[in-house]
Amino acid sequence: MQGLGGGLLQPVGMAMGMRIADRARLGRAMALLGLPVLVGPVAGPVLGGWLVDAASWHWIFLVNLPVGALALVLAARLLPKDAPPAPGAARPRLDLPGLLTLSPGLALLLYGLSHGGERGDFTAPGALVPTLAGAVLATVLVRRALTVRAPLLDLRLLRDRTFAAAVTTLAPFTCGYFGSMLLGPLYWQQERGLSAAAAGLLGAPAGLVVGTTMRIAARRVDRVAPRLLIAAGCAAGALGMGLPAWQTGTPGAAPWRIVVAGMVMGVGAGMTLMPAIPPRAVSCPRTGWPGRAPR
């Protein structure tokens, strides 16, 4: 349920921010949209670790209830209402078949792969059946996305080279970056025997660097070609991902070395994530993205 809400909020919120900003102030809008990335990775692990140590793990979920209630009140009062459709214009409709193939397909595919990786046997029925079912549903989704008029995921946007390059860059980078973020707390707690709160504090510097660098990079895209920032960010991110692997493999490595390595990775993430977001690179008449329209 949290994933469903987050999946709806993130693209809609970003699209609203991009639509309001004009071309000259797009970098500033992206910097403001990156504020949650500055606050979340710093406050979230620290608060979550403190709640786990002081109360129980249940509170890391219960604390979201008052925050969500406040967000609902603010959204109802502050967000503008949708503009009425033009006379005779067709109202957009949700691609329900696409939604019913996307969510179960990805869930089954991820479950089958994780189950097979955990057991070390991808041919076992518990891993093979959901993996094949998820792959079939994903294939149906791709076919539908390329044939229907208004699909849930418009894969035809990938025909634009700039848009496709942005997506191709973001996909592997985010997998490596967020995957390493998941491994960090496990290392501090299981390998080094630290508390959840201490693990959160040790991860806070990297989150602070990500948010700060992201705000600087987002403002620079109005003056510097995004490809320069992205190339430098990918190089720094790769270095930052490699350093922790080397440090954690050394018994008794000083904690500050691992923290600094995470900060180097944070610099790379901050220089890559916002400048490589596809709405900068492509314009779609239907969504109002800036740039040139896909061919």
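In which helix does Val 52 lie? Val 52 belongs to helix 3, which covers residues 35-54, where helices (H or I, at least four residues) and strands (E, at least two) are DSSP runs numbered from the N terminus.

1. Basis of the model. This is a predicted model, in which local features need pLDDT of at least 70 and side-chain atom pairs count only at pLDDT 80 or more, while totals for chains, interfaces and linings use all residues. Residues are numbered from 1 along each chain as its sequence is written, and side-chain values use heavy atoms, with hydrogens and water left out.

2. Confidence. The mean pLDDT of the protein (the predictor's confidence in each residue, from 0 to 100) is 79, and 84% of the residues score at least 70.

3. Overall fold. The protein has 11 helices and zero strands. Of its 295 residues, 30% count as buried, the term meaning under 20% relative accessible area, with exposed over 50% and partly exposed in between (1.4 Å probe, protein chains only). Among contacts between residues at least 6 apart in sequence, 69% join residues at least 24 apart. The accessible surface comes to about 18400 Å², of which 70% belongs to carbon and sulfur atoms; accessible areas come from the Shrake-Rupley method with a 1.4 Å probe, and for residues only the protein chains shown count as cover.

4. A nonpolar patch. Val 52, Trp 57, Ile 60 and Phe 61 make a nonpolar surface patch of about 370 Å². Patches are made of residues with over 30% relative accessible area and no salt bridge, like charges being joined within 9 Å and nonpolar side chains (Val, Leu, Ile, Met, Phe, Trp, Tyr) within 5 Å. Val 52 itself is partly exposed, its relative accessible area being 33%.

5. Salt bridges. The structure holds two salt bridges, each defined as a side-chain nitrogen of Lys or Arg within 4 Å of a carboxyl oxygen of Asp or Glu. In one of them, Asp 95 pairs with Arg 144, with the closest N and O atoms 2.8 Å apart. This pair links distant parts of the chain, since Asp 95 sits in the loop between helix 5 (64-78) and helix 6, Arg 144 sits in helix 7, and the two are 49 residues apart. Asp 95 is buried at 6% relative accessible area, whereas Arg 144 is partly exposed at 27%. Arg 156 and Asp 154 also meet through their side chains in a salt bridge, at 3.2 Å from N to O, and Arg 156 is partly exposed, with 21% relative accessibility.

6. Cysteines. The structure holds zero disulfides, a disulfide being a pair of cysteine sulfur atoms within 2.5 Å. Cys 175 is exposed, with a relative accessible area of 59%, while Cys 234 is partly exposed at 25%.

7. Two further positions. His 115, in helix 6 (residues 96-119), counts as buried at 14% relative accessibility; leaving aside neighbours within four places in sequence, His 115 is in contact with Gly 126 and Ala 127. Ala 225 is found in the loop between helix 9 (196-220) and helix 10 (226-248) and is partly exposed, at 26% relative accessibility. Ala 225 and Pro 275 lie 50 residues apart in sequence, with 9.2 Å between them in space, C-alpha to C-alpha.

Definitions and conventions. Contact = heavy atoms within 4.5 Å.
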